[in-house]
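This report examines a single protein model, feature by feature. Please look over the sequence and the model below before reading on.

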Amino acid sequence: MIIRPATIMRNDYNLISKYAHQSGEIVYLTKYGKGDLVVMSIKTFEQREEKFKFYHTVMQADLDRQKSAEELFDGDDAIARLKAKFID
């Protein structure tokens, strides 16, 4: 993580751009000593968005599972039940 004053964007944009692209890290910019902006490359942004979408999908699946009234079985138990139903 790199923290720099916001004036660096005006004075040396290329330095921030180069760092963000090469490191893949987020650059935090401050204004009067307090957090103001965050800068990252498009590639880093898109990777984060994909992770957030994946996490959302997993969380939604877990919520759906929790809401389900069906009983859950482990793999061995499920196979035993299927064998009993269709083979015996």
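## Salt bridges

The side chains of Arg65 and Asp62 are joined by a salt bridge, with 2.8 Å from N to O. The term salt bridge stands for a side-chain nitrogen of Lys or Arg within 4 Å of a carboxyl oxygen of Asp or Glu. Arg65 and Asp62 are 3 residues apart in helix H3, so about one helical turn separates them. Helices (H or I, at least four residues) and strands (E, at least two) are DSSP runs, numbered from the N terminus. Arg65 is partly exposed because its relative accessibility is 41%, and Asp62 is partly exposed at 33%. In these terms, a residue is buried under 20% relative accessible area, exposed over 50%, and partly exposed in between (1.4 Å probe, protein chains only).

By this rule, the count of salt bridges comes to 3. Another of them links Lys53 and Glu50, at 3.8 Å from N to O. Lys53 and Glu50 are also in helix H3, 3 residues apart, and therefore separated by about one helical turn. Lys53 has a relative accessibility of 49% and so counts as partly exposed. A salt bridge is also formed by Arg81 and Asp77, whose closest N and O atoms are 3.4 Å apart. Arg81 and Asp77 are 4 residues apart in helix H4 (residues 75-86), which means a separation of about one helical turn. Arg81 is partly exposed at 44% relative accessibility, as is Asp77 at 31%.

## Basis of the model

The model is predicted: local features need pLDDT of at least 70, side-chain atom pairs count only at pLDDT 80 or more, and totals for chains, interfaces and linings use all residues. Residues are numbered from 1 along each chain as its sequence is written, and side-chain values use heavy atoms, with hydrogens and water left out.

## Surface patch and aromatic pair

Which residues form a nonpolar patch on the surface? The patch consists of Phe52, Phe54, Tyr55, Val58 and Met59, which together have about 550 Å² of accessible area. Patches are made of residues with over 30% relative accessible area and no salt bridge; like charges are joined within 9 Å, and nonpolar side chains (Val, Leu, Ile, Met, Phe, Trp, Tyr) within 5 Å. Accessible areas come from the Shrake-Rupley method with a 1.4 Å probe, and for residues only the protein chains shown count as cover.

The structure holds 1 aromatic pair. Phe54 and Tyr55 form this pair, which is tilted, with 6.0 Å from centre to centre and 55° between the planes. Rings of Phe, Tyr and Trp (its six-membered ring) pair if their centres lie within 6.5 Å; planes under 30 degrees apart count as stacked, over 60 as edge-to-face and the rest as tilted. Phe54 is exposed because its relative accessible area is 52%. Tyr55 lies in helix H3 (residues 42-67) and is partly exposed, with 45% relative accessibility.

## Nonpolar core

The largest nonpolar core has 7 residues in all: Ile2, Ile8, Ile16, Ala20, Val27, Leu29 and Val39. Helix H2 (13-23) and strand S2 each supply at least two residues of this core. A nonpolar core is a set of buried Ala, Val, Leu, Ile, Met, Phe, Trp, Tyr and Cys residues joined through side-chain atoms within 4.5 Å.

Residues up to four places away in sequence aside, Ala20 touches Glu25, Val27, Met40 and Ser41. Contact here means heavy atoms within 4.5 Å.

## Residues in loops

Ser41 belongs to the loop between S3 and H3. Is Ser41 buried or exposed? Ser41 counts as buried because its relative accessibility is 6%. Apart from neighbours within four places in sequence, Ser41 is in contact with Ala20 and His21.

Tyr32 is found in the loop between strand S2 (27-31) and strand S3 (34-39). Tyr32 is a residue other than glycine with a positive phi, near 55°. At 79% relative accessibility, Tyr32 is exposed.

Ala6 lies in the loop between strand S1 (2-5) and helix H1 (7-11) and is partly exposed, with a relative accessible area of 23%. Ala6 and Lys31 are 25 residues apart in sequence, while their C-alpha atoms are 5.6 Å apart in space. Neighbours within four places in sequence aside, Ala6 is in contact with Leu29, Thr30 and Asp36.
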